[in-house]
Amino acid sequence: MKKYFYLIVSITLLLAFTSCGKKGDDKPEYVRPDIFEGYDDSTLILKADGSITEIAMQDYNGSDVDTTGLKSYVESEIKNANSKLGSENIAMTDYFDDSGVIKAAIHYTDINSYNYFNGSDYEMSGFDPEKCDIAVPIDGIFDASVTDATSGDAETEIVEATFTDASDKSVKRSSEISRSYMMLILDDKVDVTFEDGKVLYYNSKVSKGKGDNNVKCSGEGKAVIVFEFSYAY
């Protein structure tokens with residue numbers, strides 16, 4: 001009797017383990033990744049291949065804007081832009097209405113596509129001190145760290161721009177920065193993240209962000225960011 005008892009227990013345990021194994025083999029439920037996670041403000045993500053992903057966020061709560069057809073409108077504008085550009089350079093990769101806060105992720109193959117779609121004139125190129133230096137009135141009081149170029153009929157002189165070193169907060173003149181680095185020039189209030197990159201220097205219209213690859217542009221003048229990518233060969 002004991003022999004049969006042990007046999008029944010063994011079979012029961014075998015079936016139990018087999019059943020557990022089958023449950024473990026079941027594929028976990030797919031959870032869609034949230035591309036907006038970790039972003040609190042509108043952000044431009046620049047990649048080493050020259051492409052840009054724009055994380056756009058706008059709170060329409062309390063406004064008169066009807067956001068019902070906003071997604072369709074943006075998709076239509078992207079389609080028109082691609083048609084005029086002659087290629088699929090722009091694509092909306094995600095869109096979400098978070099209780100009146102509209103979040104959209106738009107991918108651009110290059111900065112020219114971004115400028116065309118947004119009517120902007122951002123510039124990304126090798127570092128050029130002459131594009132950063134500032135024209136100021138002669139005999140005027142001037143601080144190169146906080147003043148932008150001055151236009152008008154007054155006689156001016158070129159003053160060397162200054163930058164904050166992202167590593168130690170020291171001040172560097174434009175002539176002290178290597179031309180081997182990259183620079184981004186823009187004039188909007190937006191965060192900028194350099195994917196697989198690092199911020200090296202920035203002017204007074206920019207402040208340090210969350211990490212070594214992120215900055216915040218004030219939108220109060222021409223922001224200049226000097227950076228480099230970590231290219232994998």
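Tutor: S11 and strand S14 (residues 214-218) pair in the antiparallel sense, over five bridges. Strands here are DSSP runs of E, at least two residues, numbered from the N terminus, and two of them pair if DSSP finds at least two bridges between them. Keep in mind that this is a predicted model, where local features need pLDDT of at least 70, side-chain atom pairs count only at pLDDT 80 or more, and totals for chains, interfaces and linings use all residues. Residues are numbered from 1 along each chain as its sequence is written, and side-chain values use heavy atoms, with hydrogens and water left out.

Student: Which residue in S14 is the bridge partner of Thr 193?
Tutor: That's Asn 214. Thr 193 in S11 also stands opposite Ile 45.

Student: And how do S1 and S11 pair, parallel or antiparallel?
Tutor: Parallel, with four bridges between S11 and strand S1 (residues 43-46).

Student: Why is S11 largely enclosed?
Tutor: Five of the six residues in S11 (residues 189-194) are buried, so the rest of the structure largely encloses that strand. Buried means under 20% relative accessible area (1.4 Å probe, protein chains only).

Student: Switching to S12, how many of its residues are buried?
Tutor: Five of the six in S12 (residues 197-202), so S12 is largely enclosed by the rest of the structure.

Student: What does S12 pair with?
Tutor: Strand S15 (residues 223-229) runs antiparallel to S12, joined by five bridges, and Gly 197 has Phe 229 in S15 as its bridge partner. Strand S8 (residues 162-165) is also antiparallel to S12, with two bridges; there, Asp 165 stands opposite Tyr 201 of S12.

Definitions and conventions:
Buried < 20%, exposed > 50% of the residue type's maximum accessible area, 1.4 Å probe, protein only.
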